[in-house]
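Please look over the sequence and the model shown here.

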Amino acid sequence: MALTVAGSDSGGGAGIQADLKTFAALEVYGLSAVTAVTAQSTSEVRGVHFVPAAFVKLQLETLLDDFSVDVLKTGMLGDADTIAAVGEIIEAKNLTAVVDPVFGSSGGHALTTDLVSAIEAMKRHLLPRAHVFMPNLDEVGVLLGKRPDNEHEMIEAARALLDLGADGVLVKGGHLLGDPHDVFLEKGGQPSVLSLGPRIESASTHGTGCTLAAATAAHLALGRRRFEAIVEAKRFVERAIAAAPKIPELGRGPGPLHHFFRFYPWGKSPT
Ligand code: PXL
């Protein structure tokens, strides 16, 4: 069973919605604690309404008192108090955590109330409790003060994030030019460069980061080891991007992935 702690994307492509679709597509039962509600389409974020940290905590405690959660996944958390509360619960309940350190949308909209305190809280409370910490290059830049712009710098960044206390790190290099590759590093291990093949030219990339983290959490919940879980998750994302159609009905901005590609082609009812 997997539990996502993340924000709602009203457009259905990222956040809680992407996470629950991913869990379901990978046949893992999903729970959710909502940290924020966004008024969002593929082309814009018009507003964000944050859930107070105490109420996020109440959702988590309520769930954890009843369900057996294998893996917790975090996305948009909104503010330092929520980040600290989630970190404390991971510690208290000894949960396996996949942390996607979301600070803003890929369109550049802020998804935290105060960036400085959120960064500090992330480094103090959440990063040291992450089984897998998976920032993209911009998020590495925000956390470490320098955005990697080649593979060597990605490996250095992964080392720095392990030094800050993460147990395993995936630095996602999708925003570098050329074919995408990521760097994986875990405590006591050597860095691995992961690539899946040529970049898929697609306008359907909204929610890619959320989906990758959720798929990693799902594969961990299914019993895979960390490295295999990440490799399987990357495959899932690649196929979900490739299966997504770019049609006008799906909005003017970057479109959602097709999470259920294994079950039915886009647009066809499974019945
Ligand atoms: O991809 C980051 C992200 C996370 N969570 C929510 C979002 C977004 C990006 O749009 O809306 C709720």
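This is a predicted model: local features need pLDDT of at least 70, side-chain atom pairs count only at pLDDT 80 or more; totals for chains, interfaces and linings use all residues.

Q: How many helices and strands does the chain have?
A: Helices (H or I, at least four residues) and strands (E, at least two) are DSSP runs, numbered from the N terminus. Counted in that way, the chain has eight helices and nine strands.

Q: Why is the chain described as being as compact as a globular protein of that length?
A: The C-alpha atoms fill a box of roughly 45 × 40 × 35 Å, taken along the principal axes. The radius of gyration is taken over C-alpha atoms, and the globule rule is 2.2 Å times the number of residues to the power 0.38. The chain is as compact as a globular protein of that length because the rule gives 18 Å for 271 residues, and the radius of gyration is close to that, at 17 Å.

Q: Which percentage of the 271 residues is buried?
A: Buried means under 20% relative accessible area, exposed means over 50%, and partly exposed lies in between (1.4 Å probe, protein chains only). By these cut-offs, the buried residues of the chain make up 52%.

Q: Which residues are around the ligand?
A: A residue is near a molecule or strand if one of its heavy atoms lies within 4 Å of it. The shell divides into five nonpolar, six polar and one charged residue, where Ala, Val, Leu, Ile, Met, Phe, Trp, Tyr, Cys and Pro count as nonpolar, Asp, Glu, Lys and Arg as charged, and the others, Gly among them, as polar. Strand β1 (residues 2-9) gives the largest share of the shell, three residues. The residues around the ligand are G7, S8, D9, A14, G15, Q40, M76, V102, S105, L111, H206 and C210.

Q: How much of the area that the ligand exposes when taken alone does the protein bury?
A: An oxygen atom of the ligand is 2.7 Å from an N or O atom in the side chain of Q40. Taken alone, the ligand exposes 310 Å² (accessible areas come from the Shrake-Rupley method with a 1.4 Å probe, and for residues only the protein chains shown count as cover). Of that area, the protein buries 92%.

Q: Which side chain does a polar contact of 3.0 Å join to that of T211?
A: T211 also lies in helix α7, and its relative accessible area of 0% makes this residue buried. Its contacts beyond four places in sequence are A18, T22, F236, V237, L257 and H259. A polar contact is a pair of N or O atoms within 3.5 Å; within protein, one must be able to donate a hydrogen and the other to accept it, and residues adjacent in sequence count only if both atoms are side-chain atoms. The side chain joined to T211 at 3.0 Å is that of H259.

Q: Is E27 buried or exposed?
A: E27 has its place in the loop between α1 (15-25) and β2 (30-40). Its phi is near 65°, a positive value in a residue other than glycine. Most residues other than glycine have a negative phi. With a relative accessible area of 60%, E27 is exposed.

Q: What is the phi of N94?
A: N94 is in the loop between α3 (80-93) and β5 (96-99), and with 68% relative accessibility this residue counts as exposed. Although N94 is not a glycine, its phi is positive, at about 55°.

Terms used:
Residues are numbered from 1 along each chain as its sequence is written. Side-chain values use heavy atoms; hydrogens and water are left out. Contact means heavy atoms within 4.5 Å.
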